[in-house]
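Have a look at the model first, then read on.

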Amino acid sequence: MHKACWITAGLWAAGAVCAAAQQPAPALGLKDCIRLAESAPSAVSVARQERDVAAREVTQARADFLPQSRLVNGFTYNSPLLNNRETFSFIPLNGIREYASLVTVNQEFDTSGRLRADMTRARVAGEIAATSVALAQRDLRRAVTTAFYRAVLTRRIVKTAQDALAESRSFERRTRLMLEGGEAAQADAVKASAQAAFLEQALNAAELEAKLAGQELASFWTRDVDAPLELEDSLEATPPAPEPETAQAAPYMKRLEFNLLDAQQQGFKADFRRARSGLLPQLSAVFQYGIDSTAIRIGDRGYAAFINLNIPLFDWNKSRAAMAQARIRARQIESTRVISERMFSKEYQGALARVKRLYEQIALTRRQAELTQEDLRLSRIRYEGGEGSALDVVAAQNQMTQARNNYYTAIANYLNARADLEVASGR
């Protein structure tokens with residue numbers, strides 16, 4: 001009894017595993033594609049590494065404010081005079097043999113502002129790196145969005161071409177039957193066959209475009225770009241209406257590019273203060289403790305303290321030239337900011353206009369597709385009733401195919417325009 005239960009349970013588990021393995025992979029939506037792209041190595045991961053590198057610069061700059069200590073051990077040999085073997089020959093040295101073992105502590109006081117300028121520069125570099133990460137993420141998401149809608153649109157165009165080809169072949173078969181029955185002319189059959197051949201070529205071109213679009217999308221997260229990619233058909237859903245305009249006068253001023261410009265300007269101001277420090281006094285102190293003697297004797301130990309005040313007198317205008325460079329670069333950032341405001345204003349207004357017009361085009365192209373489908377139906381009825389020509393049917397088939405493609409293209413363009421508007425609005 002127990003053995004039969006175990007066998008039944010094993011069979012049930014095996015069946016469940018097989019059923020799970022046979023289930024198709026879920027279709028990927030836009031958010032899934034963005035998540036896969038962000039999890040793979042990309043420009044975003046490189047920007048994050050640059051941010052980590054910049055964070056170490058802050059640690060290094062902070063260390064300059066702290067005392068620097070080290071243990072110095074050395075031995076110096078100074079040859080004696082030829083006529084007096086007990087007197088060393090080099091006067092600046094202290095003996096024939098000199099042993100030194102000193103603990104040295106060096107403390108620099110930032111009287112010139114150089115260390116503070118270096119700290120500001122390091123922090124600005126961290127802000128620039130963090131902003132670069134956000135920009136890389138935004139650009140990656142925008143690129144994936146464009147590739148996703150292109151892949152979905154090309155697949156929808158393939159489906160439209162397949163439906164049109166099926167309709168054309170149906171008309172071709174009907175025309176040949178009518179030709180055999182003496183109810184249609186040879187020219188009508190030729191027109192129907194030519195239309196089918198034309199649509200078959202269009203289908204092959206559409207399938208190639210869809211394959212390339214799928215490869216482009218998959219390349220954001222995998223090397224196996226030729227593997228089948230299941231995508232959600234977001235063009236079938238009713239697109240959301242445009243969001244109401246914000247009350248803010250210039251929403252594009254929230255774009256990340258302005259944060260980057262502000263950080264760069266702060267960095268050039270720090271460069272100016274660092275260059276100016278070359279004209280100001282710098283105070284430092286050194287303390288030494290240990291042995292500096294002609295013999296290794298613990299009784300010879302001692303300590304010494306040094307106070308150094310470095311006062312620049314003449315530097316051949318090097319510091320002033322560096323200060324002027326920093327001021328010019330800061331003014332360059334101001335000019336770039338004014339130019340960017342004009343450019344981003346244009347991009348925002350353009351994206352806003354495209355969203356409005358493309359949303360209106362969706363309704364127009366939908367109506368166009370409905371009318372062309374009805375026109376095709378009536379054209380076939382008139383032809384089979386002997387009141388119309390095959391040319392009318394072929395023209396109606398082309399118009400219906402084009403109208404459907406226009407409808408789905410309008411939806412894809414509208415969704416892309418919404419994504420552009422989010423970028424232009426700083427969202």
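Helix H6 (residues 256–276) and helix H7 (residues 318–384) have axes that come within 8 Å and cross at roughly 170°. That leaves H6 roughly antiparallel to H7, a label for angles over 145 degrees, while under 35 is roughly parallel, 65 to 115 roughly perpendicular and the rest oblique. Sorted by class, the H6–H7 contact has 11 nonpolar, five polar and nine charged residues. For those classes, Ala, Val, Leu, Ile, Met, Phe, Trp, Tyr, Cys and Pro count as nonpolar, Asp, Glu, Lys and Arg as charged, and the others, Gly among them, as polar.

Some housekeeping: this is a predicted model, where local features need pLDDT of at least 70 and side-chain atom pairs count only at pLDDT 80 or more, while totals for chains, interfaces and linings use all residues. Residues are numbered from 1 along each chain as its sequence is written, and side-chain values use heavy atoms, with hydrogens and water left out. Helices (H or I, at least four residues) and strands (E, at least two) are DSSP runs, numbered from the N terminus. Axes are lines fitted to C-alpha atoms, for helices over the stretch in contact, and angles run from 0 to 180 degrees between N-to-C directions.

On to H5 (residues 186–218), which packs against helix H8 (residues 390–424): the axes come within 9 Å and cross at roughly 15°. H5 and H8 are therefore roughly parallel to each other. Which residues of H5 and H8 make the contact? From H5 come Asp-188, Lys-191, Gln-195 and Phe-198, and from H8 come Ala-390, Leu-391, Val-394, Gln-397 and Asn-398, where contact means heavy atoms within 4.5 Å. The residues of this H5–H8 contact divide into four nonpolar, three polar and two charged.

H5 also packs with helix H4 (residues 114–180), at an angle of about 160° and with the axes 8 Å apart. That makes H4 roughly antiparallel to H5, and the crossing is left-handed. The contact of H4 with H5 has 21 nonpolar, eight polar and 10 charged residues.

Now for the strands. Four of them form an open sheet in the order E1-E2-E3-E4, with antiparallel pairing; two strands pair if DSSP finds at least two bridges between them. E1 and E4 (302–310) are the edge strands, each pairing on one side only. From one strand to the next, the twist averages 25°.

Here's how the strand pairs line up:

| Strand pair | Sense | Bridges |
|---|---|---|
| E1 (residues 68–77) and E2 (residues 97–109) | antiparallel | 10 bridges |
| E2 and E3 (residues 282–293) | antiparallel | 11 bridges |
| E3 and E4 | antiparallel | nine bridges |

Asn-73 has Ser-101 in E2 as its partner, and Thr-76 has Glu-98 in E2. Over on E3, Leu-283 sits opposite Phe-109, and Ser-284 sits opposite Glu-108. Moving across to E4, Ile-307 faces Ala-285.

How many aromatic pairs does the structure hold? There are eight, with Phe, Tyr and Trp rings (for Trp, the six-membered ring) counted as paired if their centres lie within 6.5 Å. One of them is Phe-75 with Tyr-99, a tilted pair at 5.0 Å centre to centre with 40° between the planes; under 30 degrees would be stacked, over 60 edge-to-face, and the rest are tilted. Phe-75 lies in E1 and Tyr-99 in E2, so the pair ties together parts that are 24 residues apart in sequence.

Definitions and conventions: Left-handed = near helix turned anticlockwise from the far one by under 90°.
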